[in-house]
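This briefing sets out selected features of the structure shown below, grouped by topic.

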Amino acid sequence: MDAAPLLSVEAIAKSFTLHLQHGLRLPVVAGVSFTLQPGECVALGGPSGAGKSSILKMIYGNYRTDAGHIRVADGTEQVDVATAAPRRMLRLRQQRIGYVSQFLRVIPRVAALDVVAEPLLAEGVAPEAARARAGALLTRLNLPERLWLLPPATFSGGEQQRVNVARGFIGRQPLLLLDEPTASLDAANRAVVIDLIAEKKAAGCGLLGIFHDAETRAAVADRVVDVTRFSA
Amino acid sequence: MTSSAMPRPKADDEAPLLVAEKLTRFYGARLGCREVDLTLHPGEVLAIVGESGSGKSTLLSLLSTELAASSGRVLYRQRDGVTRDLATLSEAERRLLLRTDWGFVRQHAEQGLRMAVSAGGNVGERLMAVGGRHYGAIRQQAIDWLGRVEIEADRVDDDPRSFSGGMRQRLQIARNLVTRPRLVFMDEPTGGLDVSVQARLLDLIRSLVAQFGLAVVIVTHDLAVARLLSHRIMVMKSGRVIEEGLTDQVLDDPREPYTQLLVSSVLVP
């Protein structure tokens, strides 16, 4: 028998109601169920528009969940993201669920190095130590040091994505959600991300990701959950 | 998405700092706000958004005891751990709270500053209210705080009439934070400022809020400001709270027709 899952998704459903479009209802997914174990990387599969990103966003609490449960292990507790209070959800994000979004939301005036270091600072790590870790990750991801103290607003898409990846991987949350982490990266940096994922798995983290690049998916994913069978 | 480098509230389960129960205010027959419930914990930043006339400023005035409620109550946990119904405070207690444990950053700095008093005096005044008596020490602390809000020490003797709008806001922040309050109310703190000035001010507010673990109630009509600064958001319309929750969830997956309208009306450059 496996260890208790890090994440257990039970029959979740999502639709959007667009009130500005005369209440048009857009079903996204229904009946989504799967689990994620420590040390495992699961890929969400299916074509664009199948609801893969929406599932990640629901697990992170960024989108609401209309039905079902999303249970995340937190110590001996199982927290249901679908019903967790905002304050509980923020704590869950800080301690249990990391997320690498597709695009970096840039904060004016904050240097790339601090954007990356911030999750460690929130955990109470000393600023110098947090910045050192951030620098080490950015070095691995080949982001030139001359960019570290600049806000990422003017960076290229690939540079921003590497900042985003570093920010996601620097934390110590045991569950990591990855939305196309290699989409705008070249082969060398894709290989770095593949290594980072392998290290997280070895450390006992569970990863759930969307990887359109078949090569990356084959390199990191232990199995694929096909989202098309949950279409609403 | 929430990838903002925003400080998060502390992980502990402390008792709430501020609780409002069924807070209602009528102006004659006209409704200001109706039956608002809210809970704020230490270190939490709550944004109240809505258009002009939605009741958000009325709510802020009720929470900060500037207005008396028609019904409902506001509870505040004092530094000594005792939770008080704010309506039962004496006038002296209320003033002390406003000058020490609370801050209030107003949109129009002229209303939050003493315009004919030097920058140093504006900051030092709050220190004297909490018993500071030594002139040299007060002046030094004032200069220290001017530095934290990026105002040069050589402006300490100038009065804020000679300051730009952004500088005045930063001075207002220094004046409010010098007594290390636990709760700060902010009413459109970046309203009417140039965008570059806004960005600098937001960055300053963000870092000070994190550094001091402040609880903040911020009223804004600017959803970008709410996203950058707040953990939670309440959307008001016609005096009522129509939607609330995690800031990024409400802004990225708005449920109510009015919230969807607000979110879809934001211009993205």
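Strand S4 (residues 67-74) of chain A pairs with strand S5 (residues 77-80) of chain A in the antiparallel sense, over four bridges. Pairing requires at least two bridges found by DSSP between the strands; helices (H or I, at least four residues) and strands (E, at least two) are DSSP runs, numbered from the N terminus. This is a predicted model, in which local features need pLDDT of at least 70 and side-chain atom pairs count only at pLDDT 80 or more, whereas totals for chains, interfaces and linings use all residues. Residues are numbered from 1 along each chain as its sequence is written, and chains are lettered from A and ligands numbered from 1 in the order in which they are written.

**Hairpin of chain A**
- Val72(A) stands opposite Val79(A) in S5(A).
- Two residues lie between strands S4(A) and S5(A) in their hairpin, where Gly75(A) takes a positive phi near 65°.

**Contact of chains A and B**
- Chain A contributes 26 residues and chain B 28 residues to the contact (C-beta atoms, placed from the backbone, within 7 Å).
- On the side of chain B that touches chain A, two or more residues each come from helix H7 (195-212), strand S10 (240-246), helix H9 (247-252) and helix H10 (257-264) of chain B.

**Domains of chain B**
- Chain B comprises domain 1 (18-101 + 181-267) and domain 2 (113-165 + 173-180), with bounds from an automatic or database domain assignment.
- The centres of domain 1 and domain 2 of chain B, taken over C-alpha atoms, are 26 Å apart.
- In chain B, 11 residues of domain 1 are in contact with 11 residues of domain 2.
- H7(B) gives the most to the side of domain 1 of chain B that touches domain 2 of chain B, namely five residues.

Technical notes:
Two residues are in contact if their C-beta atoms, placed from the backbone, lie within 7 Å.
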